[in-house]
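Hi everyone, thanks for coming along.

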Amino acid sequence: MNIVLNGVTVAIKSPPLASLLTVLREELNVTSTKVGCEQGGCGACTALVNGKPQRTCLTPIAAVDGASVTTVEGLGDSDHLTAVQQSFVNHYAAQCGFCTPAMIIAATAYLEGNGSSDREEIEEALKGHTCRCTGYQKIVSAVAAAVAETTFDLTVTTPSPNTVIKSGGQT
Amino acid sequence: MATHRGFGISSIEYPTGMNQNGDPSQAWVKVKPDGRVDVFSGTSDIGNGAKTIQSQIVAEAIGIPYDWVTFDNSNTDSSPVCTGTFASRATFVAGNAVLKAAMDVKQKILEVAGKEMEVSPEDLHIVDGEVQVKGSPDTKLGVADVAAAATWTHGVLMTGTGAQLNEYAEITNTLTGEVSGPPHAAISYAACAAEVEVDDETGDVRVLRLIQVYDVGKAINPSLVEGQIEGGALMGLGLGVLENSYPYYPSPDHRGYSIGSYYMPSSEDMPEYKTAIIENPSADGPYGAKGIGEMANNGQPGAITAAVHDAVGIWVTELPITPELVLRALDAKAEPRREGKLIAFDEELSVNSMASGISWSV
Ligand code: FES
Ligand code: FES
């Protein structure tokens, strides 16, 4: 078995029913995927599998043989953060940071799926991810800002006319 | 059958720290040869921003940029004693310890700078990483140069230590819990207003808005304070309407066994927050700060309970306010008495009284 982890093909030695979460953390030392509930309930273990967010705690490694797996380690590094990561920094969207890697993965997938900056849509997209610290407000703001940054050039000071900014509930 | 809106308010008074054992926290600080500063403190950061706050205090007290400070509490061998990150004490107690350590090391920096500049240390101060002669800012020497001179010319390691220890509050009366001195440090105050919507058919309570005002003494880092308040607000909302280890079941045998049966607030439960921070400085906290950690989730359950009363006229006296409790209270309110008399029937009580032969003659 092997997976393409953050762009690099790696062979897997763990048994086929080991969870992708265990393989990532114990065999491959990728610790950004967190062990929360191991029941699919908290979202802290989420990684992108073939570009889609997936709970790695509920994913047997054999089921993703050959797949491409992306964790936050594969997004940006401290000198080149992605728009989502930079936005989390700018908005203080982390406190203890336990939920943060998976939140960033979920937000990245949301942006790639052309999610809007509407707060209710962002709340809906993140609802499977428990955060015990932030009260979600700053996380939602970070994602909304990341959407805005990727839909218009930051060097332009006025928003482009194509950018739709919806206000609470009015869609 | 309809939904009803209601408003409620609550207020909180909350102590910082606990003085039964003097509540000690300690820190030490050293200056590296390039003028950068290492802080060793026992107070760890559990997501409350303690690292950031302590680094800010050290930078401010010495007079150097924030990013010159490295905070290390990676192990208990090199870090001094701290009783812990609890009792809302990190900013206040550990903040005082690092403040003292920073003032101590600052004095050492000024002494070495005084020798280098041939000026009395009393006539020097540090502004933005430069030691300047008071009143003549152009006569200056970078802290980096002072640190280099300390290392290579004077053979001095510039360190500072700081320890915070409060007066012991010993219990003098075990019956009343009376203590000999102040039981804690500063007291913080806050108020919370909630707006809720109660569905009288399903018993569902939704919290729409939480408006909160916190007196934190001094907001050393306003973004972190706001984060603490918002995070606490959602925990308080969980306490108020969602979180229960035995959700909806009368017997512990039926308790939830998975994370899915414990209802933690999700992003969709998030109310609209409005937060105001009041700075009413404490007498002895660092820069007037007080603790805000734990009080951040104290106000919401009370405000929500009052708002539910405002909405549908019931006082729910158990938390969380589950749909079941709301519906039972609404039933009791609809028909609380029979023929004007208060008559209650409780199955358990009645079986017990029959089995044990108690006769109720009241
Ligand atoms: S650890 Fe996978 S969802 Fe909680
Ligand atoms: S920041 Fe602590 S759980 Fe989200």
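Let's start where the two chains meet: 24 residues of chain B are in contact with 20 residues of chain A, contact meaning heavy atoms within 4.5 Å. Before I go further, please keep in mind that this is a predicted model, where local features need pLDDT of at least 70, side-chain atom pairs count only at pLDDT 80 or more, and totals for chains, interfaces and linings use all residues. Residues are numbered from 1 along each chain as its sequence is written, chains are lettered from A and ligands numbered from 1 in the order in which they are written, and side-chain values use heavy atoms, with hydrogens and water left out.

Back to the interface. The size of an interface is often given as the accessible area lost when the parts come together. Here chain B and chain A bury about 1,900 Å² between them, with 53% of that on carbon and sulfur atoms; buried area is the accessible area, taken with a 1.4 Å probe, that two parts lose on being put together, summed over both.

How many salt bridges are there between chain B and chain A? The count is four, a salt bridge being a side-chain nitrogen of Lys or Arg within 4 Å of a carboxyl oxygen of Asp or Glu. In one salt bridge, Lys127(A) pairs with Glu268(B), and the closest N and O atoms are 3.9 Å apart.

On the side of chain B that touches chain A, H4(B) gives the most, with nine residues. Helices here are DSSP runs of H or I of at least four residues, strands are runs of E of at least two, and both are numbered from the N terminus. By class, that side of chain B has 11 nonpolar, nine polar and four charged residues. Ala, Val, Leu, Ile, Met, Phe, Trp, Tyr, Cys and Pro count as nonpolar, Asp, Glu, Lys and Arg as charged, and the others, Gly among them, as polar.

Over all chains, the search finds 17 salt bridges. Glu230(B) and Lys138(A) form one of them, with the closest N and O atoms 3.7 Å apart. Glu230(B) sits in helix H4 of chain B and Lys138(A) in helix H5 (residues 137-151) of chain A, so this pair joins two chains.

Now for chain B by itself. An automatic or database domain assignment divides chain B into domain 1 (3-15 + 186-324) and domain 2 (25-164). Their C-alpha centres lie 38 Å apart, and the contact takes 19 residues from domain 1 of chain B and 16 from domain 2 of chain B. Together these domains bury about 1,200 Å², 62% of it on carbon and sulfur atoms. Which residues of domain 1 of chain B lose the most area to domain 2 of chain B? They are Ile220(B), Pro286(B) and Tyr287(B), together 42% of what that side buries. The salt-bridge count between these two domains is zero, while five residue pairs are in polar contact, both residues at pLDDT 80 or more.

Chain A has two domains as well: domain 1 (2-74) and domain 2 (83-147). Their C-alpha centres lie 21 Å apart, and the area buried between them is about 1,100 Å², with carbon and sulfur atoms giving 68%. On the domain 1 side of chain A, Lys34(A), Leu48(A) and Val72(A) supply 40% of the area buried against domain 2 of chain A, more than any other three residues. Here too, the count is zero salt bridges.

To finish, some backbone details. Most residues other than glycine have a negative phi, and most peptide bonds are trans. A cis peptide bond joins Leu319(B) and Pro320(B), with omega about -5°, and Pro320(B) is in the loop between helix H5 (299-312) and helix H6 (323-334) of chain B. Asn6(A) has a positive phi, near 45°, and is found in the loop between strand S1 (2-5) and strand S2 (8-11) of chain A. Thanks, everyone!

Definitions and conventions:
A polar contact is a pair of N or O atoms within 3.5 Å; within protein, one must be able to donate a hydrogen and the other to accept it, and residues adjacent in sequence count only if both atoms are side-chain atoms.
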